[in-house]
Amino acid sequence: MTQPFRLALIAHDQKKDDMVAFARNYEALLAPCDIVATGTTGRLIQEACPSLTIARVKSGPLGGDQQIGALIAEGRIDGLIFFVDPLSPLPHDVDVKALMRLASVYDIPMALNRATAEVLVQKRGLLRDDAADNTLMRHVSDRDKGTRGI
C-alpha cells in the first residue's frame with residue numbers, strides 16, 4: 001500500500017477564501033492525504049471541509065512557515081500549495097522565499113496559485129488512488145528511500 005501523499009497548505013490573508021474554495025472543490029481528492037496547514041488557513045479549511053483531517057502548525061508570521069519548512073527538510077512533506085497574494089505588502093516575504101528555496105532544494109512540487117494547484121491535482125494525478133503509477137509519486141517514493149527517481 002502506498003503511503004498517503006503528504007501535503008502542506010498555506011495561504012496569505014487575502015487568499016484564504018481562495019484556498020477554502022479550492023479545498024471544497026477537491027475535498028474528495030484531498031481526503032486521503034496527510035494534510036498540514038498553517039494555523040488560520042487550517043482552521044478555515046477544516047470548518048469548510050469536515051471530512052479532511054488537518055494537522056495545524058502556528059500561523060505563518062508566528063513561525064508556521066518555518067515549521068512547514070522544517071517538515072520539508074525532514075522529508076515529511078511531498079507537496080506544497082501556497083496561495084500567495086502578490087499585491088499585498090508581505091512583511092514575512094523572507095519566509096515565502098525560504099519555503100520556495102526548500103521546495104526547490106528537496107525537489108517537491110509547489111503551487112503558488114490556484115491554477116497551478118489545479119494542474120497538480122487534476123493533470124498530474126498526485127492525489128489519485130492510482131498515484132503509485134504516477135511518475136511524480138514514484139519520484140517521491142524514491143526520494144523517501146534516499147534515491148533519485150527521475
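A residue is called buried under 20% relative accessible area, exposed over 50%, and partly exposed in between (1.4 Å probe, protein chains only). By this scale D13 is exposed, with a relative accessible area of 62%, whereas K16 is buried at 10%. The model is predicted, so that local features need pLDDT of at least 70 and side-chain atom pairs count only at pLDDT 80 or more, while totals for chains, interfaces and linings use all residues. Residues are numbered from 1 along each chain as its sequence is written, and side-chain values use heavy atoms, with hydrogens and water left out.

The protein has seven helices and five strands, where helices (H or I, at least four residues) and strands (E, at least two) are DSSP runs numbered from the N terminus. Their order along the sequence is β-α-α-β-α-β-α-β-α-β-α-α. Of its 150 residues, 45% count as buried.

The UniProt annotation "active site", from an unreviewed entry, covers D65; such annotations may be inferred rather than shown by experiment. D65 belongs to helix α4 (residues 64-73) and is buried, with a relative accessible area of 3%.

Six salt bridges are present, each being a side-chain nitrogen of Lys or Arg within 4 Å of a carboxyl oxygen of Asp or Glu. Among them are the following pairs.

| Pair | N to O distance |
|---|---|
| R6 and D78 | 2.7 Å |
| D13 and K16 | 3.8 Å |
| E74 and R76 | 2.9 Å |

R76, by contrast, is partly exposed at 48% relative accessibility.
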